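Take a look at the sequence and the structure below. Then read on for a short tour of how the side chains pack.

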Amino acid sequence: MNLEKIKKIMFLAVKWIIICTLIGLFSGTASAFFLVALEWVTLIREHNNWIIWLLPIGGLIIGLGYYYLGQEVVKGNNLLLEEYENPQHTIPLKMAPLVLIGTLITHLFGGSAGREGTAVQMGGAIADQFTNLFKLDNSERKTILILGISAGFASIFGTPLAGALFALEVLYFSKINFKSTVLSFFTAYAAYFTVELCRVKHTHYIIPIVPEITLINLLWTILVSLLFGLAAMLFSRSTHFWQTLFLKTIPFPPLRPFIGGIILAITIYFIGTTKYIGIGIPTIVDAFSTPNNSYDFLIKILFTGFTLGAGFKGGEVTPLFFVGATLGSALSVVVPLPIALLAGMGFVAVFSGATHTPIACTVMGMELFGVESGIFIGTACLIAYFSSGSVGIYQAQIVKGPKYRLYQKMKNKDLELL
């Protein structure tokens, strides 16, 4: 190897270390601020329930903001996926403040949404600014988008391994090169440690009892995992249904969250509880020790699908955690497995089914709950992945691999029968 080649390799290594470090630092800082601000607005809402009546006004502010300032970034996570698949234009940096403010407004006034979408969009928008700064080509820009997603996910949940894998898996593994894989892990840890340095705490979950791996226990795991997959399918289709309905019935975009906010505020008032709004962390934590109502997960699906479909901002993942954990908790009444294990399996399995990312979700489960539950968590994520249908929460996601081939075979058989 000659000197010139060594210099070139060294230059590339230093360049990407700098890029990864900066993306991790900026994305992690943005996530840390977001987590603190989210906790703050949630406390305000919980101590002032009357503020929910302002949800339509909050929706109108979000709608007008995106209509006049952010039409090119309104697609959110789907824009990141589209730009990865077919690079066109650098993602505007304004995506970050718009989704941050929109999500905080959603949670302040009582919408049902998550936080991962916000963190991933902030990470993606911040990362893509380095495309022009370092004059990167389309191939390198794809790597940049992976790094942004990785940083956002890892920093918001405190799961760097899962964050790195999620960025790779959600963008379809077979198109990922070795360089992107290494850099994704580096950036995920940089973002994760940035949040740690900011002393922002993540929620901790515990599965105190993990039963023996027996045939009967695995059969029960497969059975409940099928239900988790169906719940993921229902969540995805519900969100798309409400989005399509609002799109067809209300032509002026800013009015969609305004009208949706009116309906949500009235509904919350009549059901008499705020259990199903916000991100629902307290309910998720309780699900690991106290059986939930059998209908809790269904109401959360309805509220979240309606909130996001109407045009409010936020993510889908934490509501997916809520759906899975409460469904698993409710099943503990009839399924002879520990309640915490069922809640934990549901927590990641519904997420796996709705995002087509069983590997990342399995790793996330082990990061959050411990490796002892790995076999049960992995089985649940895999079964839910296959049983959740071909449509996930991200419409722009390219679904390939074994699931794609399975559903293609099923589709061809149905056509042959016709």
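This is a predicted model: local features need pLDDT of at least 70, side-chain atom pairs count only at pLDDT 80 or more; totals for chains, interfaces and linings use all residues.

Residues are numbered from 1 along each chain as its sequence is written, and side-chain values use heavy atoms, with hydrogens and water left out.

**The cores**

A nonpolar core is a set of buried Ala, Val, Leu, Ile, Met, Phe, Trp, Tyr and Cys residues joined through side-chain atoms within 4.5 Å. Buried means under 20% relative accessible area, exposed means over 50%, and partly exposed lies in between (1.4 Å probe, protein chains only). The largest core holds 109 residues. Among its members, Phe 228, Ile 284, Phe 288, Met 345, Phe 347, Phe 351 and Phe 369 touch the most others. Helix α14 supplies the largest share of this core, eleven residues. Helices (H or I, at least four residues) and strands (E, at least two) are DSSP runs, numbered from the N terminus. A second, separate core has twelve residues, including Ile 19, Phe 130, Leu 136 and Leu 147.

What does Phe 369 touch, leaving aside its neighbours within four places in sequence? Its contacts (heavy atoms within 4.5 Å) are Tyr 205, Ile 207, Phe 288, Gly 344, Phe 347, Val 348 and Ile 377.

**The rings**

Rings of Phe, Tyr and Trp (its six-membered ring) pair if their centres lie within 6.5 Å; planes under 30 degrees apart count as stacked, over 60 as edge-to-face and the rest as tilted. The count comes to 27 aromatic pairs. Here are two of them.

| Pair | Centre to centre | Angle of planes | Type |
|---|---|---|---|
| Phe 153 and Phe 351 | 5.9 Å | 15 degrees | stacked |
| Tyr 189 and Tyr 192 | 6.5 Å | 85 degrees | edge-to-face |

Phe 153 lies in helix α6 (residues 138-157) and Phe 351 in helix α14 (residues 339-355), so their pair ties together parts that are 198 residues apart in sequence. Both Phe 153 and Phe 351 are buried. Tyr 189 and Tyr 192 share helix α8 (residues 178-197), about one turn apart. Tyr 189 is partly exposed at 30%, whereas Tyr 192 is buried at 18%.

Ring pairs also build a cluster; Phe 153, Phe 166, Tyr 205 and Phe 369 are among its members.

**A buried helix**

Why is helix α3 (residues 77-85) largely enclosed by the rest of the structure? Seven of its nine residues are buried, so the rest of the structure largely encloses it. Among those buried are Asn 77, Leu 80, Glu 83 and Tyr 84. The buried residues of α3 pack against α4 (95-109), α5 (116-133), α6 and α7 (160-170).

**A serine in α6**

Ser 150 sits in helix α6. Ser 150 is buried, with a relative accessible area of 0%. Its side chain reaches the backbone oxygen of Ser 184 at 2.9 Å. Beyond its neighbours within four places in sequence, Ser 150 is in contact with Gly 163, Ala 164, Ala 167, Ser 184 and Ala 188.

**The cysteines**

How many disulfides are there? With a disulfide taken as a pair of cysteine sulfur atoms within 2.5 Å, the count is zero. For Cys 20 the nearest cysteine sulfur, that of Cys 198, is 19 Å away. Cys 20 is buried at 0%, while Cys 198 is partly exposed at 38%.

Notes: A polar contact is a pair of N or O atoms within 3.5 Å; within protein, one must be able to donate a hydrogen and the other to accept it, and residues adjacent in sequence count only if both atoms are side-chain atoms.
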